[in-house]
Amino acid sequence: MRQLVLHLARGLVREPGRVRVHEHTEGERTILELEVAPADRGRVIGRDGRTASALRVLLEALARRQGRSCVLEIRD
């Protein structure tokens, strides 16, 4: 899942080299923290949060297929 977020985020931003995804687990839940250049935050979040919401829906669907739970956080 980490690689999926990394690939998708790099396709959205102007500075793909600055995209980082940190992964850690809390119990049964995987938490992915997405970090991008400050100028690219708006591109990842999207208008009214639609892009971020779509990323979260994709991750949750993939996680459910694997019997897991996943959360995407976009870091400042």
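1. Glu-15 is partly exposed, with a relative accessible area of 32%. The model is a predicted one. The side chain of Glu-15 meets that of Arg-18 in a salt bridge, at 3.4 Å from N to O. Arg-18 is also partly exposed, at 45% relative accessibility.

2. How many salt bridges does a search of the whole structure find? The count is 7. The Arg-18 and Glu-15 pair is one of the salt bridges. Side chains of opposite charge can pair when their charged atoms come close.

3. Glu-35 and Arg-75 form another salt bridge, with the closest N and O atoms 4.0 Å apart. This pair links distant parts of the chain. Glu-35 sits in strand S2, residues 29-35. Arg-75 lies in the segment after strand S3, residues 69-74.

4. Which residues are linked in a network of salt bridges? They are Glu-33, Glu-35 and Arg-75.

5. Look next at helix H3, residues 50-65. Here Arg-64 forms a salt bridge with Glu-60, and the closest N and O atoms are 3.6 Å apart. The two residues are 4 apart in the helix, so about one helical turn separates them. Arg-64 is exposed, with a relative accessible area of 61%.

Technical notes:
Residues numbered from 1 in each chain as written. Predicted model: local features only at pLDDT ≥ 70, side-chain atom pairs only at ≥ 80, totals over all residues. Heavy atoms only, no water. Buried < 20%, exposed > 50% of the residue type's maximum accessible area, 1.4 Å probe, protein only.
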